[in-house]
Amino acid sequence: MTNSAAVRAAALRALHRPGDPLVLPNAWDVGSARAVVEAGFGAVATASAAVSQSLGYADGEGTPAGEMFAAVSRITRAVTVPVTADLERGYGLPPAELVQRLLDAGAVGLNLEDSARTTVRWWTRRSRPNYWPGYGPQPTPPGCRS
């Protein structure tokens, strides 16, 4: 992680305070991201559905991963605040590659959806597979819906 990425990551982390929820409007392109910053928000969060639709694709990983990362990169280059990206279910990428591509795009936060690729069914604490292929068993994340 470069120094500027480390600084952006620390700034995003500092916005997460117990008892004070971080609320961010979503951006889908450079113009909406700049509007979020101009409105006084300390970070920008992308919205996968909005980004996909602005690029002419359907939500639910309808956008090719390269195009989604390119959209995130355009946003990160246009704003001076940290960016957290909604990257659907991770586009089937191994975790290390997903994180590297996120950082390469200039984002320092990530939202992943907890759903089954083939059914787009939301997992619950009782039904989700406790496994990420290639990385073995994974702990159930705190707050996972039950």
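**Entry 1: F41**

I looked up F41 and found it in the loop between α2 and β2 (44–46), where helices (H or I, at least four residues) and strands (E, at least two) are DSSP runs numbered from the N terminus. The model is a predicted one, in which local features need pLDDT of at least 70 and side-chain atom pairs count only at pLDDT 80 or more, while totals for chains, interfaces and linings use all residues. Residues are numbered from 1 along each chain as its sequence is written, and side-chain values use heavy atoms, with hydrogens and water left out.

Is F41 buried or exposed, or something in between? With a relative accessible area of 30%, F41 is partly exposed; buried means under 20% relative accessible area, exposed over 50%, and partly exposed in between, with a 1.4 Å probe and protein chains only. I then listed what F41 is in contact with, leaving aside its neighbours within four places in sequence, and wrote down V23, L24, P25, V36 and V81; contact means heavy atoms within 4.5 Å. For L24, I noted that it is 17 residues from F41 in sequence and that the two are 6.9 Å apart in space, C-alpha to C-alpha.

**Entry 2: the chain as a whole**

I counted five helices and six strands in the secondary structure of the chain, and reading along the sequence I wrote the pattern as α-β-α-β-α-α-β-α-β-β-β. The chain has 146 residues, of which 36% count as buried. Among the contacts with a separation of 6 or more, 51% come from residues 24 or more positions apart. I also noted that the chain exposes about 8200 Å², with carbon and sulfur atoms supplying 56% of it; accessible areas come from the Shrake-Rupley method with a 1.4 Å probe, and for residues only the protein chains shown count as cover.

**Entry 3: the nonpolar cores**

Next I looked for nonpolar cores, a core being a set of buried Ala, Val, Leu, Ile, Met, Phe, Trp, Tyr and Cys residues joined through side-chain atoms within 4.5 Å. The largest has 22 residues, and V44, F69 and L87 are those with the most contacts inside it. The elements that give two or more residues to this core are α2 (30–38), α4 (65–78), β3 (83–86) and α5 (95–104), and α4 gives the most, with six residues. I also found a second, separate core of six residues, which includes L12, L24, A43 and V108.

Which residues is L87 in contact with, leaving aside its neighbours within four places in sequence? I wrote down E61, M68, F69, V72, L98, L102, L110, N111 and L112.

**Entry 4: two residues with positive phi**

E61 lies in the loop between α3 (48–54) and α4, and its phi is near 70 degrees, a positive value in a residue other than glycine. E61 has a relative accessible area of 14% and is therefore buried.

E88 lies in the loop between β3 and α5, and its phi, near 50 degrees, is likewise a positive value in a residue other than glycine.

**Entry 5: L110**

I found L110 in strand β4 (residues 109–111), and at 30% relative accessibility it counts as partly exposed. Not counting residues up to four places away in sequence, L110 touches T84, A85, L87, L98 and L102. The C-alpha atoms of L110 and V83 are separated by 8.7 Å, although the two residues are 27 apart along the chain.

Two packed helices are described by the angle between their axes and the distance between the axes. For α2 and α4 I noted an angle of about 40 degrees, with the axes 9 Å apart; axes are lines fitted to C-alpha atoms, for helices over the stretch in contact, and angles run from 0 to 180 degrees between N-to-C directions. α2 and α4 are therefore oblique to each other, because angles under 35 degrees count as roughly parallel, over 145 as roughly antiparallel, 65 to 115 as roughly perpendicular and the rest as oblique. The contact is made by V30, A33 and R34 of α2 and R74, I75 and A78 of α4.

I also looked up A71, which is in helix α4 and, at 5% relative accessibility, counts as buried. Leaving aside its neighbours within four places in sequence, A71 is in contact with V51 and L55.
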